[in-house]
Amino acid sequence: MALSDMAIVGYAETKIVLRSEVDVWELGAEILDSLLERTGFEKGEINGLILSSSSTGAGNIFWSQTTADQLAVELDFCQTVDIGGSSPVGTVARAAAAIDAGLCDTVLCLFADTAVAENNGRPRSYGAEWTTPYGYLGAPAAFGMLSRYYDDRFGLDARALGKLAVAQRAHAVLNENACEKLRKPITVDDYVHSRMINDPIRLLDCVMPCDGASGILITRRKTAEQRGLTRCAVPVGYGERTNVGAASAIVDPTLTGHREASERAFAQAGLRPAQIGSFHPYDDFIIAIMMQLEMLGFCAHGQGAAFIRETDFSFSGDLPLNTGGGQISAGQCGLAGGGTNLVEAVRQLFGEGGSRQVSDTAHALVTGIGGIPYGRNWNSSTVLILSSNA
Amino acid sequence: MTDINDLLSIDRPLPPERSFSRPFWEASREKRLLVQYDKVAGAYQFYPRPTSIYTGRRDNLEWREVSGRGVLFSHTIVRRARPPFRDHEPYVLAMVTLDEGVNVMSNIIHCAEEDLRPGLRVKPYWHPLPDGRHLLLFQPDT
């Protein structure tokens, strides 16, 4: 697949709110309208629609079709990607593959979820039988056990983790689309002293559930050039790994699929971690950022804290981190949350970061995390490398 | 120090049974622990699956009774929970490595917070459910 023959020609994002006052389809329409306005494409030219998972649409067995109907787009290719928080990043690869295979030409990748206002999710997993009866309430408990394991093995440095939280919060303050409640600076002490939720997971380790939407428009690079859309983001490397450790009864939860996914993505892109200009990891918990720094090759396994201590993660620093605040400080739009990290990476490559614009717009790295299996780390790990159309 | 709760008095959500996990739950009525074993791979697996996690083959699997003794792998202290566990925090959620080499998620009871450490020896505590089955909990093996 020639991933780099594709171009992301536009991005759009709604304000992230604690609870949406409008229907999820209206948020979707806002994204469509914004993308048409910014790219000059007509609605009739969009013939592919790929949606991320959405808690709002989780109970709807016709989710991509009915959304297409609401937006009145006539399609040659249509699907929902259901790899959890990895879904938004996953749509880019699937859009590229579908275009490359000649199935469609121009794809709207739409990430919309009003999981707070209207959650129709009906999960079926190991949970009801093997974890719920024990008072396991999902992600914070899983990351609590994972963090304890990390601490026993490598030692956990709360102040290093706090540095990541502070950097992301400072970025959210500069992001008008971030949830207003979170647009207040915090200190490392605030992080360290925030109340325990599932030891050693603190309140400021966790994402806040929010509502919101984002999206991108992707087409052939040749098409983009013909239309004079020179400002675009080109996907140059992608890796995806689901169910790492599936065939083992005991798994080290600090090893994730990002290792395999990033090896593939970096090899495909012909790049190394040191060449990444901005880093937009999926962040449902602060420790997930540190684990990804290790798995993606920025530092060795277990050496995350040392790397964090010596790195400046501000938008003007060595490795700009989630320059929109990430989901932890911008708010998590349900299962569409991964779109927040993706769209911010695209925005930076477009040079439209405004007061938080990074200086190196050559290459950006975006990741996804999706699903939490029984006693391991996460189901799906995705890694996407984007380059500006230089 | 705050009391770590054992949650023995609350009505827990009843676990469903699946077609392939029924032997586990049937044995739990007699406080016996059955774990799936792949005869070809020579390894146990937990939680019960519809096929071998090692080979993908179904005929390789058999149920074997084990003691349920093992060691603490990792744990977290839950301080914020939803009903019916709310207002019963803090309690301990843990992964236990059985001596047969599988990890099992459960609660640790009858244990002080300061005694929770990796490698702590534990043994089963079968907590009765209203339908005659038992829920597998763990307690220090002293």
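This is a predicted model: local features need pLDDT of at least 70, side-chain atom pairs count only at pLDDT 80 or more; totals for chains, interfaces and linings use all residues.
Where in chain B does Y47(B) lie? You'll find Y47(B) in the loop between β2 (43-45) and β3 (61-66) of chain B.

According to UniProt, in an unreviewed entry, residues 63-127 of chain B carry the annotation "domain: ChsH2 C-terminal OB-fold". That span is 51% strand and 0% helix, and its end C-alpha atoms sit 22 Å apart.

Now follow some of the strands. β4(B) and strand β7 (residues 121-128) of chain B run antiparallel and are joined by two bridges. β7(B) and β8(B) make a hairpin, with five residues between them. Look in the turn for G132(B), which has a positive phi of about 95°.

Next, see how the two chains meet. On the chain B side, 42 residues are in contact with 33 residues of chain A. The area buried between the two chains is about 3300 Å², and carbon and sulfur atoms give 61% of that. There are also 16 residue pairs in polar contact between chain B and chain A, counting pairs with both residues at pLDDT 80 or more. Which elements of chain B give two or more residues to the side that touches chain A? They are α1 (22-28), β4 (70-78), β5 (91-98), β6 (103-107) and β8 (134-140). β4(B) gives the largest share, six residues. Sorted by class, this side of chain B has 27 nonpolar, nine polar and six charged residues.

Charged side chains meet across the boundary too: the count between chain B and chain A is two salt bridges. One of them pairs R18(B) with E129(A), at 3.7 Å from N to O.

Over all chains, the whole structure has 24 salt bridges. Among them is the one between R220(A) and D105(A), where the closest N and O atoms are 3.0 Å apart. Why does this pair tie together parts that are 115 residues apart in sequence? It does so because R220(A) lies in strand β7 (residues 212-220) of chain A, while D105(A) lies in the loop between α3 (87-100) and β4 (107-113) of chain A.

A cis peptide bond joins D199(A) and P200(A), with omega about -5°. P200(A) is in the loop between β5 (196-198) and β6 (201-202) of chain A. Then there's N243(A), a residue other than glycine with a positive phi, near 75°. N243(A) is in the loop between β8 (233-242) and α9 (258-269) of chain A.

Definitions and conventions: Residues are numbered from 1 along each chain as its sequence is written. Chains are lettered from A and ligands numbered from 1 in the order in which they are written. Side-chain values use heavy atoms; hydrogens and water are left out. Contact means heavy atoms within 4.5 Å. Buried area is the accessible area (1.4 Å probe) that two parts lose on being put together, summed over both. A salt bridge is a side-chain nitrogen of Lys or Arg within 4 Å of a carboxyl oxygen of Asp or Glu. A polar contact is a pair of N or O atoms within 3.5 Å; within protein, one must be able to donate a hydrogen and the other to accept it, and residues adjacent in sequence count only if both atoms are side-chain atoms. Helices (H or I, at least four residues) and strands (E, at least two) are DSSP runs, numbered from the N terminus. Ala, Val, Leu, Ile, Met, Phe, Trp, Tyr, Cys and Pro count as nonpolar, Asp, Glu, Lys and Arg as charged, and the others, Gly among them, as polar. UniProt positions are given in the numbering used here, feature names are shortened, and annotations may be inferred rather than shown by experiment. Two strands pair if DSSP finds at least two bridges between them.
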